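Reader: I've got a model to go through for class. Can you walk me through it?

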Amino acid sequence: MSISLKLRYFAALRDQVGREEEILELPVNTPEELYAALQQRYGLTLEPASLRVAVNDCFVPMDSPLAQGDQVVFIPPVAGG
Amino acid sequence: MFQLSDQPLDITALRRQMQHPQAGAFASFEGWVRNHNEGRAVFRLAYEAYAELGQKEGEAILEEARQRFDIIDAACVHRVGALEIGDSAVWVGVAAAHRDAAFAACRYIIDEVKARVPIWKNETYPEGDSGWINAEYRATED
């Protein structure tokens, strides 16, 4: 079953996707599955193992469940400081 | 106090906020924009942040520092937006009764901020190209 998700993109992911945010309907259950779908769709080069994910502005595991309307942000390796 | 700021850091004002009658020690760290990275000259850089999560994570790190170390106050401000060589990119300040806790907490905060807060650095090189640090040039943190 497809769910509607709000995606926001930052840094290298924003450059590769070519937009800052979008709403997608996809048949995915977890961030892990979602990222695989996005990799296929956009040819993303970052390895899933290098990413963290935030759902509704909280870090969560890549295999946590996604629900209708969730906001999902994949976090490329950070580089502050 | 954790803050993401698109304005130049006012170090004097930040330091003043750390002054408490009980404090006998103050340690601070400033990260500056340097003119080279990974063997390449750097012309300028820009920081981008996921502000909502960055704010929460930054505040969590300061709270951890207050729990782990015997300190009186701690603060961190990180710049976002375009920066030039020599600009202050990040400031950490810790006030404590004694210096050991101040040094240790300051080190803890900057290390955790670099590792956990969703901030990304885009470097522009004299040749005109640019890149996201860590994402494109290396997989491990420095």
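Author: We'll take a sheet, a helix, a strand and the chain contact in turn. Keep in mind that this is a predicted model.

Reader: OK, the open sheet of four strands in chain B. What's the strand order?

Author: The order is E1-E6-E8-E2 in chain B, and the pairing is mixed. The edge strands are E1 (2–5) and E2 (25–32) of chain B. Each of those pairs on one side only.

Reader: How many degrees does the twist average from one strand to the next?

Author: The average is 10 degrees.

Reader: And how do E1(B) and E6(B) run, parallel or antiparallel?

Author: They run parallel, joined by four bridges. E6 of chain B covers residues 71–79. Ser5(B) stands opposite Arg79(B) in E6(B).

Reader: Which helix packs on that sheet?

Author: Helix H3 of chain B, residues 99–116. H3(B) touches E2, E6 and E8 (88–96) of chain B. Its direction makes about 150 degrees with that of E8(B).

Reader: How far does H3(B) reach from its first C-alpha to its last?

Author: H3(B) reaches 26 Å with 18 residues. That is close to the 26 Å expected at 1.5 Å a residue.

Reader: Which residues of H3(B) are buried?

Author: They are Ala101(B), Ala102(B), Ala105(B), Cys106(B), Tyr108(B), Ile109(B), Ile110(B) and Val113(B). They pack against E2, H2, E6 and E8 of chain B.

Reader: Why would residues three or four places apart point the same way?

Author: An α-helix has 3.6 residues a turn, so residues at that spacing, three or four places apart, point the same way.

Reader: Which strand do four bridges join to E5(B)?

Author: That is E7 of chain B, residues 81–84, and the two run antiparallel. Leu45(B) has Leu83(B) as its bridge partner in E7(B). E5(B) also pairs with E9(B), in the antiparallel sense, over six bridges. There, Glu48(B) has Trp120(B) as its bridge partner.

Reader: Last one: how many residues does each chain give to the contact?

Author: Chain B gives 25 residues and chain A gives 15. On the side of chain B that touches chain A, H3(B) gives the most, with four residues. By class, that side has 15 nonpolar, three polar and seven charged residues.

Terms used:
Residues numbered from 1 in each chain as written. Chains lettered and ligands numbered in written order. Predicted model: local features only at pLDDT ≥ 70, side-chain atom pairs only at ≥ 80, totals over all residues. Pairing = 2+ DSSP bridges. Axes fitted to C-alpha atoms, helices over the stretch in contact; angles between N-to-C directions. Contact = placed C-beta atoms within 7 Å. Nonpolar A, V, L, I, M, F, W, Y, C, P; charged D, E, K, R; others polar. Expected span 1.5 Å × (residues − 1). Buried ≥ 20, exposed ≤ 12 C-beta atoms within 10 Å, placed from the backbone.
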